[in-house]
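Please take a moment with the sequence and the model shown here before reading on.

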Amino acid sequence: MANDSEIHDRLSRVEEIIEQLDADECDLDEGTALHEEGEELLAEVREILDEGSGEVVELE
């Protein structure tokens with residue numbers, strides 16, 4: 001998992017969204033909204049990484 005808190009928070013939310021969608025805990029409209037939120041969060045993570053402001057650490 002990411003060490004950078006900005007990235008970590010976004011990826012944690014994406015994981016929550018995936019779990020909700022996998023568990024069929026929502027209707028089509030809510031599922032669509034969750035999907036869109038996840039896409040936005042991932043775009044933000046990509047932007048952070050492209051800017052080089054995220055911290056990359058090596059895991060052992």
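Glu16 and Arg13 are both part of helix α1, where three residues, about one turn of the helix, separate them. The word helix is used here for a DSSP run of H or I with at least four residues, while a strand is a run of E with at least two, and both are numbered from the N terminus. The model is a predicted one, in which local features need pLDDT of at least 70 and side-chain atom pairs count only at pLDDT 80 or more, whereas totals for chains, interfaces and linings use all residues. Residues are numbered from 1 along each chain as its sequence is written, and side-chain values use heavy atoms, with hydrogens and water left out.

The side chains of Glu16 and Arg13 form a salt bridge, at 3.2 Å from N to O; the term stands for a side-chain nitrogen of Lys or Arg within 4 Å of a carboxyl oxygen of Asp or Glu. Arg13 also meets Glu37 in a salt bridge, here at 2.8 Å from N to O. Because Glu37 belongs to helix α2 and Arg13 to helix α1, this pair ties together parts that lie 24 residues apart in sequence.

How many salt bridges does the structure hold? There are three, and one of them joins the side chains of Glu44 and Arg10, at 2.6 Å from N to O. Since Glu44 is found in helix α2 and Arg10 in helix α1, the pair ties together parts that are 34 residues apart in sequence.

To say how far such residues are covered, we call a residue buried when its relative accessible area is under 20%, exposed when it is over 50%, and partly exposed in between, using a 1.4 Å probe and protein chains only. With 21% relative accessibility, Arg10 counts as partly exposed, and Glu44, at 32%, is also partly exposed. Arg13 is partly exposed at 22%, Glu37 at 28% and Glu16 at 41%.

Turning to the chain as a whole, we find two helices and zero strands. Of its 60 residues, 20% count as buried. The chain exposes about 4,600 Å², of which carbon and sulfur atoms supply 46%; this area comes from the Shrake-Rupley method with a 1.4 Å probe.

Helix α1 runs over residues 5–22, and its 18 residues should span 26 Å at 1.5 Å a residue, which agrees with the 25 Å between its end C-alpha atoms. The expected span is 1.5 Å times one less than the number of residues in the helix. Which residues of α1 are buried? They are Ile7, Val14, Ile17 and Gln20. These residues cover an arc of only 150° around the axis, which puts them on the same side of α1; the arc is that of the directions from the helix axis to the C-beta atoms. On the other side of α1, Ser5, Glu19 and Asp22 are exposed. Just after α1 comes Asp24, which takes a positive phi of about 55°.

Val14 is buried, with a relative accessible area of 10%, and, leaving aside residues up to four places away in sequence, it touches Gly38, Leu41 and Leu42, a contact being heavy atoms within 4.5 Å. Val14 and Glu40 are 26 residues apart in sequence, yet their C-alpha atoms are 9.7 Å apart in space.

Helix α2 has 24 residues and reaches 35 Å from its first C-alpha to its last, close to the 34 Å expected at 1.5 Å a residue. At its start, a side-chain oxygen of Asp27 reaches to within 3.3 Å of the backbone nitrogen of Asp29. The buried residues of α2 are Gly31, Leu34, Gly38, Leu41, Val45 and Ile48, and what covers them includes α1. Arg46, also in α2, is partly exposed, with a relative accessible area of 47%. After α2 comes Gly52, whose phi is positive, near 80°.

Key. A polar contact is a pair of N or O atoms within 3.5 Å; within protein, one must be able to donate a hydrogen and the other to accept it, and residues adjacent in sequence count only if both atoms are side-chain atoms.
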